Amino acid sequence: MDELDRRIIAALQADGRASWTDLAERVGSSLATVTRRGQQLLASGVVAVGVSHAIHTPLAADLFVLRIRCRSGRQMDVAKVLAERRDLRFLCLVTGANDLVAEIVIPKLDVLHARLIDEIQAIDGVETCRTDLVLHQYKVSQHWLQSVLARQERGDESAAEPHVCDPSHFGDTDRQILEVLKLDGRASFRSVADEIGVNESTVRRRFEAMIERGCAVVLTLVSAPALGFEAEILLNVSVSPARLDDVARALTDFVGVRYLAATLDCSLMCELILPSTSEVYSFLTQVLGRIDGVLGWEASLELLTITRGFLETPWWRAAAVA
């Protein structure tokens, strides 16, 4: 990819449903060029735009981190089973002590052991599954590419309190709209209306209401290795209990931190994305290692991201059989 491709992807991260005309203005190139390049990126599967529901849609729920160990040689088999689940917000094949890391959303009224033990741990090939409750999300960055490429010193995205979508505001039509836009987040309102059998104005009104309320979000997924990035890393940072919030807020300011959340075991789950391993070294030694309250960390390389934001990445199945 060249610089224009990266600018187009960054603009799509900022607004995945922006028109080609708006995108051309944002990246400073001609409409014909941006349209052609953008459509090529989407068709290749390197980039995908989808619309996802929020965690608390349509019911209040809890978020859990799953760290899964598999029997030797069964990692991809387990991943394929998990990829079919609609309640996983994140799923990734990793290095280190675990084989897979996932985030599962469980409505507060559900029976926990039925989901975590009877379903997840019963998958053929799963050896162990360690589960942690996510207490608070500090950062969920959707615009990471532009920030990292610009080498900004501070991040500009902090996670607001997750919105709980009132079930009365989220009906069957909303679910149908999301089902269509999940696969093609840039689909026109008219095409969505034709597919689900309602008028275009209804689709537009309901979609805009879901976005405004926080019941849905537009996501642009991109393969970091395809961009030339060498390092996507998951860190489990051990922290002194009295310094947990201070450490988290210090890490939130760092632009390379894409995701940050506090878990029940008094640690921080941190997803880091940087262009090179040398920059990872600088982060670990000059940033993380110098924050008062950090006791240590365990790190894993992200080998293959399967699900992000409840959306299946368009490149993982081809990579799994390569």
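## Close-up views of a predicted model

View 1. Cys266 sits in the loop that joins strand S8 (257-263) to S9; helices (H or I, at least four residues) and strands (E, at least two) are DSSP runs numbered from the N terminus. The model is predicted, so local features need pLDDT of at least 70 and side-chain atom pairs count only at pLDDT 80 or more, while totals for chains, interfaces and linings use all residues. Residues are numbered from 1 along each chain as its sequence is written, and side-chain values use heavy atoms, with hydrogens and water left out. The phi of Cys266 is positive, near 60°, in a residue other than glycine. Most residues other than glycine have a negative phi. With a relative accessible area of 24%, Cys266 is partly exposed; buried means under 20% relative accessible area, exposed over 50%, and partly exposed in between (1.4 Å probe, protein chains only).

**View 2. Leu272 in strand S9.** Leu272 belongs to strand S9 (residues 267-274) and is buried, with a relative accessible area of 1%. Apart from neighbours within four places in sequence, Leu272 has contacts (heavy atoms within 4.5 Å) with Ala231, Glu232, Ile233, Phe254, Gly256, Val257, Val280 and Phe283. Between the C-alpha atoms of Leu272 and Trp297, 25 residues apart along the chain, the separation is 13 Å.

**View 3. Glu302, a buried residue of strand S10.** Glu302 is part of strand S10, and its relative accessible area of 9% makes it buried. Not counting residues up to four places away in sequence, Glu302 touches residues including Phe90, Cys92, Glu232, Arg258, Glu271 and Arg308.

**View 4. The largest nonpolar core.** A nonpolar core is a set of buried Ala, Val, Leu, Ile, Met, Phe, Trp, Tyr and Cys residues joined through side-chain atoms within 4.5 Å. The largest one has 27 residues, of which Leu66, Ile68, Leu82, Leu100 and Ile104 touch the most other members. Elements that each supply at least two residues of this core include strand S2 (61-70), helix H4 (75-83), strand S4 (100-107) and strand S10 (294-308). Beyond four places in sequence, Leu82 is in contact with Ile68, Leu88, Leu91, Leu100, Ile120 and Ile123.

View 5. Phe189, Val192, Ala193 and Ile196 are the buried residues of helix H8 (residues 189-196). They lie on the same side of H8 because they cover an arc of only 100° around the axis, taken from the directions from the helix axis to the C-beta atoms. These buried residues pack against H7 and helix H9 (200-213). Arg190, Asp194 and Glu195 are exposed on the other side of H8.

View 6. Phe310 is placed in the loop between S10 and S11. Its phi is near 70°, a positive value in a residue other than glycine, and at 8% relative accessibility Phe310 counts as buried. Along with His53, Arg86, Glu179 and Lys182, Phe310 is among the lining residues closest to the centre of the second largest pocket, which has 32 lining residues. On a 1 Å grid over the protein atoms alone, a pocket is an open set of points where a 1.4 Å probe fits, with protein on both sides within 12 Å along at least five of seven lines; lining residues have an atom within 4 Å of a point. The largest share of this lining, six residues, comes from S1.
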